[in-house]
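Good morning, and thank you for making time for this presentation. I would ask you to keep the sequence and the structure in view while I speak.

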Amino acid sequence: MKKLNVAIIGQGRSGCNIHGKYFRSEKNQFYTVKYVVDADAYRREKAEKIYPGCKAFEKYTDLYQFDDIDLVVNSTYSEMHGPITKELLLHGFNVLVEKPFARTRYECDELIKIAKEKNLVLAVFQQSFLAPFCQFAYDLAKSGKIGRILQVDLRYNAFSRRYDWQTLQKKCAGGIYNTGPHPIGIGLGFLDFSDETQVVYSKLDNALCSGDADDYAKILLTAPGKPLVDIEVSNTDAYSGYNLKIQGTRGTFKCSTKAGEMTYILDEENPEIPVQEDTLRDPNGDPMYCNIPLNKRTETFDFTGDAFDKGCGDLYESLYNKIVNGTPMFVTPEIAAKVISVIETVHAQNPMPIKF
């Protein structure tokens with residue numbers, strides 16, 4: 001099997017500890033890291049040690065001299081995702097860009113257009129779609145086991161303070177640009193990525209972080225004939241007990257990224273009772289509360305792997321097959337662009353003061 005030559009731009013947390021970790025792992029049977037770009041001399045020196053045989057450069061434009069690069073991973077600062085990806089595409093490179101795809105939907109659509117015109121592969125690193133808990137939840141929702149889906153709750157919450165560049169609006173940062181693509185993308189999946197999706201409510205706030213970007217977000221999404229999707233991305237929640245919850249007409253499923261639980265009923269074990277308009281009375285004739293116990297069933301689940309191991313590995317394998325064989329990917333740039341549409345709308349509904 002032919003391995004593809006990769007260049008990674010950026011050796012920060014994502015470039016080194018997520019993408020680089022995959023490339024250095026035994027799971028990677030598809031790629032060879034041949035070039036690395038980073039402005040920091042220490043990171044360049046480190047890269048040449050941890051990726052055997054690779055060459056490191058200070059500027060991404062140094063890559064333009066090479067014609068043996070099959071894929072460039074754009075793991076730069078968020079505000080650089082769109083502009084650098086555009087340059088790479090115009091120079092003829094296949095690109096995998098970290099989330100967020102870009103700052104605006106217009107930028108996303110422009111990148112998609114360039115990639116199609118130049119017959120290049122453009123992908124966005126939204127690997128949470130491929131995490132075991134997410135795939136299980138999608139399959140469950142489609143199965144009908146908990147009935148028709150009424151509401152999906154997604155919580156990517158914590159109780160913490162950030163003070164780095166990810167707290168600055170000028171860096172295309174904040175909670176919903178940084179973390180938000182995961183729950184927003186997953187939520188759109190429960191709406192079948194409908195073009196009629198609407199942001200029916202949103203709220204952004206700055207609570208604990210040192211910068212001027214959001215660290216609290218509430219977003220409600222829906223589409224005609226689809227469930228309500230309730231999303232939170234918050235650094236002010238000390239009691240969030242789950243990442244995903246689905247309420248259906250016959251039961252509820254909730255899970256973290258590691259384990260889940262489902263409580264549901266079977267219709268044959270819970271026959272419908274005819275409605276009674278008159279006041280309900282107990283055997284003594286006194287008014288009584290209507291409360292018929294349901295015959296419930298409960299199941300528990302454990303998930304092997306998460307977005308950063310199985311999800312990452314599956315996305316890179318899918319990307320390899322896209323580049324080599326033209327096989328469609330589940331996570332398409334069109335889907336990632338719809339995520340940015342939601343984020344852009346939420347920011348328009350909640351303009352925040354720029355302080356930096």
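This is a predicted model: local features need pLDDT of at least 70, side-chain atom pairs count only at pLDDT 80 or more; totals for chains, interfaces and linings use all residues.

Let me begin with a convention: helices here are DSSP runs of H or I with at least four residues, strands are DSSP runs of E with at least two, and both are numbered from the N terminus.

First, the overall dimensions. The protein chain contains nine helices and 14 strands. Its C-alpha trace spans about 90 × 50 × 35 Å along the principal axes. Of the 356 residues in the chain, 51% are buried.

I turn now to helix H3. This helix covers residues 81-90, and Thr85 is found in it. Is Thr85 buried or exposed? Its relative accessible area is 0%, and buried means under 20%, so Thr85 is buried. Leaving aside residues up to four places away in sequence, Thr85 touches Asn74, Met80, Val95, Val97, Leu111 and Leu122.

Thr85 is one of several buried residues in this helix; the list reads His81, Gly82, Ile84, Thr85, Leu88 and Leu89. An α-helix has 3.6 residues a turn, so residues three or four places apart point the same way. What covers the buried residues of H3? The cover includes strand E1 (4-9), strand E4 (71-74) and strand E5 (95-98), together with helix H4 (105-117) and strand E6 (122-125).

On the H3 side, the contact is made by Gly82, Thr85, Lys86, Leu89 and Leu90, and on the H4 side by Glu110, Leu111, Ile114 and Ala115. By class, the residues of this contact divide into five nonpolar, two polar and two charged.

Next, the sheet. Eight strands form an open sheet with mixed pairing, in the order E8-E9-E10-E7-E11-E12-E13-E14. Its edges are strand E8 (198-205) and strand E14 (296-302), each of which pairs on one side only. On average, and ignoring direction, neighbouring strands of this sheet are turned by 10 degrees against each other.

Consider the pairs one at a time. E8 and E9 are antiparallel and share seven bridges; there, Lys203 has Lys218 of E9 as its bridge partner. On the other pairing of E9, with E10, the sense is again antiparallel, over six bridges, and Lys218 stands opposite Glu232 in E10. E9 and E10 form a hairpin with five residues between them, and Gly225 in the turn has a positive phi of about 75 degrees. How many residues of E9 are buried? Five of its seven are, and the strand is thus described as mostly covered.

Further along the order, strand E7 (residues 149-157) and strand E11 (residues 244-248) pair in the antiparallel sense over five bridges. Within that pairing, Asp153 has Lys245 of E11 as its bridge partner. Helix H5 (residues 132-143) packs on the sheet and touches E7, E11, strand E12 (251-255), strand E13 (259-265) and E14, its direction making about 170 degrees with that of E12. Helix H7 (residues 181-190) lies across E7, strand E9 (216-222), strand E10 (228-234) and E11, and runs at about 170 degrees to E7.

Finally, these two helices in relation to each other. The axes of H5 and H7 come within 10 Å and cross at roughly 20 degrees. H5 and H7 are therefore roughly parallel to each other, and their crossing is right-handed. H5 contributes Phe133, Cys134, Ala137, Tyr138 and Ala141 to the contact, while H7 contributes Gly185, Ile186, Gly189 and Phe190. By class, this contact has seven nonpolar, two polar and no charged residues.

That concludes the presentation, and I welcome your questions.

Conventions:
Residues are numbered from 1 along each chain as its sequence is written. Side-chain values use heavy atoms; hydrogens and water are left out. Two strands pair if DSSP finds at least two bridges between them. Axes are lines fitted to C-alpha atoms, for helices over the stretch in contact, and angles run from 0 to 180 degrees between N-to-C directions. Contact means heavy atoms within 4.5 Å. Buried means under 20% relative accessible area, exposed over 50%, partly exposed in between (1.4 Å probe, protein chains only). Angles under 35 degrees count as roughly parallel, over 145 as roughly antiparallel, 65 to 115 as roughly perpendicular and the rest as oblique. A crossing is left-handed if the near helix is turned anticlockwise from the far one by less than a right angle, and right-handed if clockwise. Ala, Val, Leu, Ile, Met, Phe, Trp, Tyr, Cys and Pro count as nonpolar, Asp, Glu, Lys and Arg as charged, and the others, Gly among them, as polar.
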